[in-house]
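Here is a short briefing on one protein chain. Look at the fold before reading on.

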Amino acid sequence: MKTRMFAILLCLLSLSGCGGKSEPIPLEDLPEDYSLEQAKEDGCLVTENGTVTSGREAWEKFLKAADAGKSASVRLCSYYTLDDPSRYDPDYYESIKDDDPMMFLRDLSYDGERFTTVSYEEGQRYEESYSLLRQREETVQSTGVKIVQYIITDDAETSLEKIYAQLYSSTFSPEGGIPFATVYQEFIPPEG
């Protein structure tokens, strides 16, 4: 009887964690051939060419915990493919086509005080940490596409429009701009 109870307890412990899954593999330990399908299976928030295709529940769970001031984390997977080749200059398309598709992975965590993103590129660790998570929504009048963005920043006063406008300014310099990092961006087509 004790052996059976121990086996049941061991089984329950192995199922605890993130939605019945074990702890995610640290980013730096992911295999070179880590795929989009694996990211989806692992419960990442997956965005393919600007559309969330998997893991929305993980994102909502992260937002709910952070809103309550609780520690939380979520893995973000951004996946990009080249669209119609005729939209590119032929020489430019030839120079970039072998780099696609592209997949970027980041871990976003909240410790009750700060939001931190961690990513790795060519073995180099990149980390950014800010105190605020801010949301921006905009509908593009010409297309009806709704853009939903979340950024992390330390600036509570500046409008998000001003923060994003600095990216498109011809006078923008990273040293003089408002520090921030985009952690979520989705393009939602119009209904109907």
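Which residues make a nonpolar surface patch of about 270 Å²? In this predicted model, Y80, M102 and F104 make the patch.

**Surface patch**
- F104 is found in strand β4, which covers residues 102–110.
- The relative accessible area of F104 is 42%.
- F104 therefore counts as partly exposed.

**Largest nonpolar core**
- The largest nonpolar core holds 20 residues.
- Within this core, W59, F62, L108, V183 and Y184 touch the most other members.
- At least two core residues come from each of α3 (56–67), β3 (72–80), β4, β8 (146–153) and β9 (180–188).
- Helix α3 gives the largest share, with 5 residues.
- In soluble globular proteins, nonpolar side chains tend to be buried together.

**Contacts of V183**
- Leaving aside residues up to four places away in sequence, V183 touches W59, L76, R106, L108, T117, L133, Y150, I151 and I152.
- Two of these partners, W59 and L108, are named with V183 among the core residues that touch the most other members.

- Another core, of 10 residues, lies apart from the largest one.
- Its members include L30, Y34, A39 and V46.

**β1–β2 hairpin**
- Strands β1 (residues 45–48) and β2 (residues 51–54) run antiparallel and are joined by 3 bridges.
- V46 has S54 in β2 as its bridge partner.
- The hairpin leaves 2 residues between β1 and β2.
- N49, in the turn, has a positive phi of about 50 degrees.

Methods. Residues are numbered from 1 along each chain as its sequence is written. This is a predicted model: local features need pLDDT of at least 70, side-chain atom pairs count only at pLDDT 80 or more; totals for chains, interfaces and linings use all residues. Side-chain values use heavy atoms; hydrogens and water are left out. Patches are made of residues with over 30% relative accessible area and no salt bridge: like charges are joined within 9 Å, nonpolar side chains (Val, Leu, Ile, Met, Phe, Trp, Tyr) within 5 Å. Accessible areas come from the Shrake-Rupley method with a 1.4 Å probe; for residues, only the protein chains shown count as cover. A salt bridge is a side-chain nitrogen of Lys or Arg within 4 Å of a carboxyl oxygen of Asp or Glu. Helices (H or I, at least four residues) and strands (E, at least two) are DSSP runs, numbered from the N terminus. Buried means under 20% relative accessible area, exposed over 50%, partly exposed in between (1.4 Å probe, protein chains only). A nonpolar core is a set of buried Ala, Val, Leu, Ile, Met, Phe, Trp, Tyr and Cys residues joined through side-chain atoms within 4.5 Å. Contact means heavy atoms within 4.5 Å. Two strands pair if DSSP finds at least two bridges between them.
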